[in-house]
Amino acid sequence: MAAAASVTGPVTERPPPMRSSGSVRRLSLPGPPEAPTVAVTGSRGDHGNGLGRGVRGGGGSGGGGDGGQWVSGRAGGAAVVVAAAAEALAPAMSAIRRGSCERELAARWEVEAVAAARRESEARALAALAQVSVDAGAAGEPELKAEAAEKEEEEAARAGAPARPRAAEEGDARVPPRLPPALLPTKAQPAAARTPTRGLGQQGKPRGKGRGCKRGSGRRVDDGGWQRSVTVDSSKAKTSLEALKISIRQLRWKEFPFGRRLPCDIYWHGVSFHDNDIFSGQVNKFPGMTEMVRKITLSRAVRIMQTLFPEEYNFYPRSWILPDELQLFTTQVQVVKESDPSWKPIFIVKPDGGCQGDGIYLIKDPSDIRLTGSLQSRSAVVQEYICKPLLIDKLKFDIRLYVLLKSLEPLEIYIAKDGLSRFCTEPYQEPNPQNLHHVFMHLTNYSLNIHSNNFIHSDCASTGSKRTFSSILYRLSSKGVDIKKVWSDIISLVIKTVIALTPELKVFYQLDIPTGRPGPTCFQILGFDILLMKNLKPMLLEVNANPSMRIEHEHELSPGVFENVPSLVDEEVKVAVIRDTLRLMDPLKKRREAQSQQLGKTVARKDDADSKNTGGAGSSSEAHLPSICLKQVFPKYAKQFNYLRLVDRMANLFIRFLGIKGSMKLGPTGFRTFIRNCKLSSSSLSMAAVDILYIDITRRWNSVTLDQRDSGMSLQAFIEAFFFLAQRKFKTMPLHEQVASLIDLCEYHLSLLDEKHLVCSRATGRRGSVAYHNPAGETLPASQSASASTLLGANRLSYPKPALS
């Protein structure tokens, strides 16, 4: 083997301007003039350090090069290391192969020593806890051995992954080379003599990213023990990218902007739920939410609730659907005008699929509706225009509030404590024939007013054409307005609106993710547009399934040339909403809390105190974050609003009788089964009449809906049929009491049917036992006869049968 030539002079490293997984690092070796600059490309095998494979084009295992320079391979490197280790640590460092520097290797050794010492101390702590604990599994907590075995399995699975090169992923760290035990440092250097190393942060702790942590392990060391980072797939986040990236960085999570071969914890989609290849994790979109908050669908959902509870749902303007209800709209307006000649209404027309103010206009008479163009092919909603809004600085404004729908079953709703106030750019005047076309006066859409010459971009939260909602509340409070009453009315509006949307959302959910099929859980951020009237009553304008999360605006430098300028007001509100949504959806939060409790460290007690201050979402990894800006309003106020969830209970009956998984419409057989199982047929309502009712209602609804993918009875048609049956069954009650009584009756009969099936399945499972014949006709084993009869009796007491007319 040729003798190794030592490299003269110190080795300096020139770091690239940006740290990325695919960058090329150049090591400049000052010394002899003929020494070239060696380009080292990081890969899965060498990781840019020159150990294990040798630098490409630089010789074999021990070959030489020009000018006495050489690059060692595996065998040559091992021989040099062993020879150097026999003498001392310092000579070994001077004989390191070309491609690594002394300071960098010292940093890696120190990282290995710190990690080994930490693992040893944690192992001793776990062993001590295992000795004093008595059967942790019996107490409902996972055993320590199971945790250790799980960690070992995860590490073994990662170690057994194929070693072929792959595209680098963001957040990946490089693997430090394994050094022989003889070269591991035995004593720590004094603090004064210790030089700053690249692999260590403050107090000698390994950094979260860099050469001090293992590649692809997804774990980091902190005060709570070894923890896995939460992974977020943002490859389909078309919007809100910058705010999402800032939030992930603040949480110190791991982002995969180009996707990942392995499953991620959270998938962030930009527009809608459109990926059928996700079988686990959490997705930030609900199936069908985009369809549910369209103008027409939202109006129909709220209209059903207004039919049941007119006083509770008076926060939504009266609406008509065009062109289906154009004749009805014209007739009703004419009747009111004849009865009250002084009534001079103004109406606003909104295209069903429009957004950002596109196609919206004001009219004063039904004859002003634009029947030409795309109206016949594109449906619209016409509403009463709110002529007396609350004004600030003589300008009309609306409120954009962000609402998190965390779960559909059970229902969980959160509201952001702050939002945005978007102002018009012309002083407001009540509508008249002269100003009906002034969009900058009547429409508060940001996308419209930004084109006005009067639009003011401001970095102050209380000035400009876009401000924070908290600044508006502060200004109203200074004038003596009861802010708590305003917030209470807004919270009530949000809860009631979500209650109106959830029934059909459940039908969409079971279509994409049927019960029993693996799939992700869903959550979604909604944008509520609310207008405060002059008397401070909130009115719902619309709900956005994909509210804009941009934190910058376009500034025109010259005609046709724009640049993106950061908006501090948007960043203050939107980053907090996304970040705290991710904190609430953190799938590893419970596991981290359990690990902190098992280790019994004092840091865990401090984290528990922090979690109480942050609404129960704090942890050791969130100590640097502010308190959560999202406030839970449901189920916190469930007792006050559960009586409104009648349509939700009807949707459960509808889904039960769909029959075919993945269907959204009820067939004639399913409707007949519903009538038969709930015992709704009688001498006055024969099954032939039931068939006629099904055909009549289904045909009418299919003619007005755009979705013609499959035939059958939709949920809204089922609700109309249910109203008809309730009014026929219970004639002397208000409509909501009639519907509630019929729902109770159906749930009572279905519970008895479920009990019967359960008892029969138990009886068939115990063949050969002594049989007991009950009055319902099923055969029971003698050992279960007493318990079964007791169960049936108890259920009859828990489901009182309503009095029938």
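User: How are H11 and H12 oriented to each other, and at what angle do they cross?

Analyst: This is a predicted model, where local features need pLDDT of at least 70, side-chain atom pairs count only at pLDDT 80 or more, and totals for chains, interfaces and linings use all residues. Residues are numbered from 1 along each chain as its sequence is written, and side-chain values use heavy atoms, with hydrogens and water left out. The axes of H11 (residues 469-478) and H12 (residues 483-512) come within 10 Å and cross at roughly 140°. The two are therefore oblique (under 35 degrees is roughly parallel, over 145 roughly antiparallel, 65 to 115 roughly perpendicular, the rest oblique). Axes are lines fitted to C-alpha atoms, for helices over the stretch in contact, with angles from 0 to 180 degrees between N-to-C directions.

User: Which residues make the contact?

Analyst: Phe-469, Leu-473, Leu-476 and Ser-477 from H11, against Ile-483, Val-486, Trp-487 and Ile-490 from H12. Contact means heavy atoms within 4.5 Å.

User: Switching to the sheet, what's the strand order?

Analyst: S10-S13-S11-S12, an open sheet of 4 strands with antiparallel pairing. Strands pair if DSSP finds at least two bridges between them; helices (H or I, at least four residues) and strands (E, at least two) are DSSP runs, numbered from the N terminus.

User: Which strands stand at the edges?

Analyst: S10 (319-322) and S12 (361-363); each has a single partner strand, so one side of each has no neighbour in the sheet. The twist averages 30° from one strand to the next.

User: And how many bridges between S11 and S13?

Analyst: 5, in the antiparallel sense. Val-349 has Val-382 in S13 as its bridge partner.
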